[in-house]
Amino acid sequence: MITVVGTGTGADAGTGAGAPLDGEALGAADLVVGGRRHLDAVALPEGAERIVLGPLAPALERIAAYVEEGRAVTVLASGDPGFFGVVRALAERFGAERLRVRPGVSSVAAAFARVGLAWDDAVVVSAHGRDPRTAVNVCRARPKVAVLTGPGAGPAELGAALARWPGGERVLVVASALGDPGRERVERVSPGEAAARDWGTAVSVVLCLDPARTWGEGMGTVAGGGPGPAGWALDEGAFDHRDSMITKFEVRALALARLGPRLGDLVWDVGAGSGSVAVECARLGAAVVAVERDADSVARVRANALARGVDVGVVHGAAPDALTGLDDPDAVFVGGGGRELPAIVAACAGRARRAVVVALAALDRVPQVRAALTGAGLGCDGVLLQSSRLAPLPGDVTRLAATNPVFLLWGVRPSADREFYGEGVVQ
């Protein structure tokens, strides 16, 4: 067996049931693996080999040699080793049946405890050893997030990205050196303050909180911020809009399917109008920026987002110039039209990581939009959507009322086509 001991985080670290001082865990160990501070805190069994955990691969090879010989191994790990920890790598290499895991208190649980907040409604994302953009977009989209940080993805980087977010403001709680009585610090700062500081290497977790939104309503049944929306492609009546200037739900349904908004993504809604597409993408978990040049429509987008309980960043300006300075999106929806449409589509297609979806009514614009998408290296496809809705007539009879036909074109970056639309994405 491989015994994995979580040392815990906080005041109980080193003294709880899962602590490294536990004689039962160490007494029979022939090999003890762990961080230097963990190993220095214990008395190793006589004759036991000690390996300071650095790169994981060499340690796994040494553990494998002991396992093949039937010798006992103990691994000491910070916090809860089953939560973004070493248990995953050990189970994949040696099988879960070989592991005896003794969990400790995770740094996320300790951080929320320090500020007196429940965390069953929080989303937890790891930026350790990963591109921080996913963590940043989760923080933009959700009101309560815990980020496990790492080099190049710490409070300064998170703060810099959130400071330029055109949506609601965030408060960051930076929990440094949790469990170390002499060095532990828990500080509330603004994103701008976080960006301006040098946090060193002791940070373990950052809480990102939206003080303007409710953090859970009573006790839920699904951890991590809820199960998601009960439906999408909402009826036009669910949004405030002007003179039926709104993407109809039939068109919106296919647009959402091609955009594929999900937690960790950034989506632009360009020419947002009422913001119906922006709000629906936000309800499905994406961070969303709506770009709109009409002042009344800007107010309408904000009101619709507020009514649906989501945060949509709003940029008041005309595309493509208004797109300058925005972070590159995963997907873009372009609505509206006019002479600028091909230039807007080209600007979006040049920066989208995955897909661009365009809704337009004018037949003459279709070749230009296709050329803009393919010119940016995207594979292009599309449909003409024509639908007729049931409408009542006097005498308890029903007729079909035709809606205006709409072209829906989409361009998909070839590198994303197989990954996202064919086999799915593993974060």
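This is a predicted model: local features need pLDDT of at least 70, side-chain atom pairs count only at pLDDT 80 or more; totals for chains, interfaces and linings use all residues.
Two strands pair if DSSP finds at least two bridges between them. Helices (H or I, at least four residues) and strands (E, at least two) are themselves DSSP runs, numbered from the N terminus. With these terms in hand, let us look around.

View 1. Residues are numbered from 1 along each chain as its sequence is written, and side-chain values use heavy atoms, with hydrogens and water left out. Taken along the principal axes, the C-alpha atoms fill a box of roughly 90 × 50 × 40 Å. Of the 427 residues, 48% are buried (under 20% relative accessible area; exposed means over 50%, and partly exposed lies in between, with a 1.4 Å probe and protein chains only). Contacts are heavy atoms within 4.5 Å. Among those between residues at least 6 apart in sequence, 65% join residues at least 24 apart.

**View 2. Strand 10 and its two partners.** Is strand 10 (residues 203–209) mostly covered or mostly open? Six of its seven residues are buried, so the answer is "mostly covered" by the definition of buried. Strand 7 (residues 144–148) runs antiparallel to strand 10, and five bridges join them. Find Leu148, whose bridge partner in strand 10 is Val205. Strand 8 (residues 171–176) also pairs with strand 10 in the antiparallel sense, over six bridges. Here Val174 has Val206 of strand 10 as its bridge partner. In a regular strand the side chains alternate between the two faces of the sheet.

**View 3. Helix 7 and its cover.** Which residues of helix 7 (residues 155–163) are buried? They are Pro155, Ala156, Leu158, Gly159, Ala161 and Leu162.

**View 4. A salt bridge between two loops, Asp327 with Arg164.** A salt bridge is a side-chain nitrogen of Lys or Arg within 4 Å of a carboxyl oxygen of Asp or Glu. In this pair the closest N and O atoms are 3.0 Å apart. Asp327 sits in the loop between strand 13 (312–316) and strand 14 (331–334), and Arg164 in the loop between helix 7 and strand 8, so the pair ties together parts that are 163 residues apart in sequence. Asp327 is partly exposed, at 23% relative accessible area, and Arg164 is partly exposed too, at 46%.

**View 5. A buried salt bridge, Arg170 with Asp210.** The closest N and O atoms of Arg170 and Asp210 are 3.4 Å apart. This pair links distant parts of the chain: Arg170 is in the loop between helix 7 and strand 8, and Asp210 is in the loop between strand 10 and helix 9 (249–259), 40 residues apart. Both Arg170 and Asp210 are buried.

**View 6. Two helices tied together by Arg252 and Glu280.** The closest N and O atoms of this salt bridge are 2.7 Å apart. Arg252 belongs to helix 9 and Glu280 to helix 10 (residues 276–283), so the pair ties together parts that are 28 residues apart in sequence. Arg252 is buried, at 0% relative accessibility, and Glu280 is buried at a relative accessible area of 0%.

**View 7. A network made of Arg133, Asp330 and Arg353.** Salt bridges link these three residues in a network. A search of the whole structure finds 22 salt bridges.
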